[in-house]
Amino acid sequence: QVQLVESGGGLVQAGGSLSLSCAASGRAFSSYAMGWFRQAPGKERDFVATINGSGKMTSYGDSVKGRFTISRDNAGDTVYLQMNSLKPEDTAVYYCAAGLYGSSQWQYYYWGQGTQVTVSS
């Protein structure tokens, strides 16, 4: 079992930056790929980024490529999402998840409770 707790969300102006963190507790953090997903009101949950267990492989959704960076600290059991050049359409609840490396939410077994990110225009 893995418990995930996100933090770092908030309100930011368009063009600004935010850094999200996801602290994990439980079993073997480094054995899981970690992903970030987001869900805006009335929309489906979308893939944002993923990183494999060693941190050597990453993948991003098309809408965030070049603006967001995922990283992890296996010693500290934490995954990060650095978000730059934020746009109003990035407004959503952001979730971290632990599971298999990939872009489908069905590849992830454990989910955090989410953190709200709001980008004002």
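Mentor: Trp111 is partly exposed, at 26% relative accessible area (buried is under 20%, exposed over 50%, partly exposed in between, with a 1.4 Å probe and protein chains only). This is a predicted model, where local features need pLDDT of at least 70 and side-chain atom pairs count only at pLDDT 80 or more, while totals for chains, interfaces and linings use all residues. Residues are numbered from 1 along each chain as its sequence is written, and side-chain values use heavy atoms, with hydrogens and water left out.

Trainee: How many aromatic pairs are there in the whole structure?

Mentor: The search finds six. Rings of Phe, Tyr and Trp (its six-membered ring) pair if their centres lie within 6.5 Å; planes under 30 degrees apart are stacked, over 60 edge-to-face, and the rest tilted. Phe37 and Phe47 are edge-to-face, because their planes are at 65° with the ring centres 5.8 Å apart.

Trainee: Where do Phe37 and Phe47 lie?

Mentor: Phe37 is in strand 4 (residues 33-39) and Phe47 in strand 5 (residues 45-51), so the pair ties together parts 10 residues apart in sequence. Strands are DSSP runs of E, at least two residues, numbered from the N terminus.

Trainee: Are Phe37 and Phe47 buried or exposed?

Mentor: Both are buried. Tyr108 and Trp111 also form an edge-to-face pair, 6.3 Å centre to centre with 65° between the planes. Tyr108 counts as buried, at 5% relative accessibility. Ring pairs link Phe37, Phe47, Tyr108 and Trp111 into a cluster.

Trainee: Which ring does the charged end of Arg45 sit over?

Mentor: That of Tyr95, 4.1 Å from the ring centre. The rule takes NZ of Lys or CZ of Arg within 6 Å of the ring centre and within 35 degrees of the ring normal. Arg72 lies over the face of Phe29, at 4.4 Å from the ring centre.

Trainee: New topic. Which cysteines does a disulfide join?

Mentor: Cys22 and Cys96, with S to S at 1.9 Å. The count is one disulfide, taking a pair of cysteine sulfur atoms within 2.5 Å.

Trainee: What parts does the Cys22 and Cys96 pair tie together?

Mentor: Cys22 lies in strand 3 (residues 18-26) and Cys96 in strand 9 (residues 92-99), so the pair ties together parts 74 residues apart in sequence. Cys22 and Cys96 are both buried.

Methods: Helix = DSSP H or I, 4+ residues; strand = E, 2+ residues; numbered from the N terminus.
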